[in-house]
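Morning, everyone. I'll keep this brief. Have a look at the structure first.

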Amino acid sequence: MARVGVLALQGAFREHRAALERLGAQVAEVRLAADLDGLHGLILPGGESTTMARLMTEYALWEPLRAFHARGGQLWGTCAGAILLSGEVQGAPPQFGRQDSLGLLDVTVQRNAFGRQIDSFTTGLDMRGLTGAFPAVFIRAPAFARVGEGVEVLSEFDGQAVAVRQGRVLATAFHPELTGDDRLHELFLQGCLTPA
Amino acid sequence: MTEATTGTPALKQGFAEMFKGGVIMDVVTADQARIAEAAGATAVMALERVPADIRKDGGVARMSDPKMIKEIIGAVSIPVMAKVRIGHIVEAQILQALGVDFIDESEVLTPADDQYHILKHDFKVPFVCGAKNLGEALRRVGEGASMIRTKGEAGTGNVIEAVRHARTVLGEIKHIQARPAEELMTVARDLQAPYELVRYVHEHGKLPVVNFAAGGVATPADAALMMHLGLDGVFVGSGIFKSDNPERRAQAIVKAVTHFQNPEVLAEISEDLGAPMTGINIDDLIPAERLAARGW
């Protein structure tokens, strides 16, 4: 059985936890670096990326998360979580200077690429690896404006990449945890059980 | 690929889910909004005067100047909320036109209508509404609220009412869960709440939307207490910018909400924050000064 964590600093971590538990995974909430011990994978949920980045600095989580990836851990970021995984972040508040990110995904992510809350939308997405449209919920969502050579684009919307994968890192601009469709969680768990 | 759909209940409620485990802070200037964002607020509430000042100044409290709201929207990348008076449909239309991310139909402002709340289903922008008990919460959800906050007693720096309202709502939820299904129509009648929503609470043991605490939260321990009682996050108003050191207090309250189950972390972050806002003993308030009594 896969042992997976959900970064529980803030945001929709309970919904991810519920989806993983529906699929029979053993789930731990990760708030401090020690919580990563013994996990195969970690989901970084949606929420506010500035808030999570700040708390990751406060609790010295950046290096432990990079080390977790380096020793074979699978990572998946949804919405704000995808921003945290990216190499470069556009649209961060100017007073922050450059927004910190893990740099584990060779992409430039554009925050709020589709507008403010009244522009948030749902749609059916075609996704590589899945049969039938995936119900995607985009909430003040980012998009992957630049995608590096080693990065596979799994889905696009309106000409912009919205789901990508690079090695053990998966990132989606939308929120599968809000839909009750667990197919992406299933894919993630399969990845967690595949030897690195 | 199918067409995009906007403004659905799922999108509005899903957005509120993203605030969970977070702190939403009242701000009255773009500078305060930046401080709140840098401290890790998940959203800011733009308003002209924080509740403590509304309480002190008296008079009619209304929706804020659109210019100030636009400045705050321009200053931060986190979501911006703003308040309208209870029942003030036009103030809500104005805030939606400004591109505000969430509207608070709030008893902290002077109510515009003494009988009816806004029909929130009519708007694309989501709404948060206050509630003192489960019936009130479910009536607001029935009207289309995408998020509930317990009312507390805003601007007092005194957490007792927030605790009372949280315990009331959560206790009533447990009570409904324990009732047999055939009693739920009578429960709905007694609560004056929509039957379908009473059934939802019976089945799921929670409100259909995210439920935050508000009103009187002044310290990290207050914020952690509200999380401990079972709420999803915290609104802090006067508690931050009426204290001695808003930056440090704001950061500490954000951390307290994340680590509410960890007393060692709470002890560390509660230290040396400077003086909190001066509180008001709620027993000293004359009934007309109690904001939580507004709305029904």
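How much space lies in the largest cavity? About 200 Å³. Keep in mind that this is a predicted model. Searching the whole structure turns up four cavities of 30 Å³ or more.

Stay with the largest cavity. Its lining counts 21 residues. Nearest its centre lie B:Asp26, B:Pro51, B:Ala154, B:Gly215 and B:Gly237. Two elements of chain B, β9 (233-236) and α11 (238-241), each give the lining at least two residues.

Now the barrel. In chain B, eight strands close up in the order β2-β3-β4-β5-β6-β7-β8-β9. The pairing is parallel. From one strand to the next, the twist averages 30 degrees.

Take one pair from chain B. Strand β3, residues 43-46, and strand β4, residues 80-85, pair in the parallel sense over three bridges. B:Met45 stands opposite B:Met81 in β4(B). Across β2 (23-27), β3 and β4 of chain B lies helix α4, residues 66-75. Helix α4 of chain B runs at about 165 degrees to β3(B).

Last, helix α12 of chain B, residues 246-258.

Is α12(B) largely enclosed or open? Ten of its 13 residues are buried, so the rest of the structure largely encloses it. Among the buried ones are B:Pro246, B:Arg249, B:Ile253, B:Lys255 and B:Thr258.

That's the tour. Over to you.

Terms used
Residues are numbered from 1 along each chain as its sequence is written. Chains are lettered from A and ligands numbered from 1 in the order in which they are written. This is a predicted model: local features need pLDDT of at least 70, side-chain atom pairs count only at pLDDT 80 or more; totals for chains, interfaces and linings use all residues. Side-chain values use heavy atoms; hydrogens and water are left out. Two strands pair if DSSP finds at least two bridges between them. Helices (H or I, at least four residues) and strands (E, at least two) are DSSP runs, numbered from the N terminus. Axes are lines fitted to C-alpha atoms, for helices over the stretch in contact, and angles run from 0 to 180 degrees between N-to-C directions. Contact means heavy atoms within 4.5 Å. Buried means under 20% relative accessible area, exposed over 50%, partly exposed in between (1.4 Å probe, protein chains only). On a 1 Å grid over the protein atoms alone, a cavity is a set of points where a 1.4 Å probe fits but cannot get out, and a pocket is an open set with protein on both sides within 12 Å along at least five of seven lines; lining residues have an atom within 4 Å of a point. Grid points are joined across faces, edges and corners, and a volume is the space filled by probe spheres set on the points.
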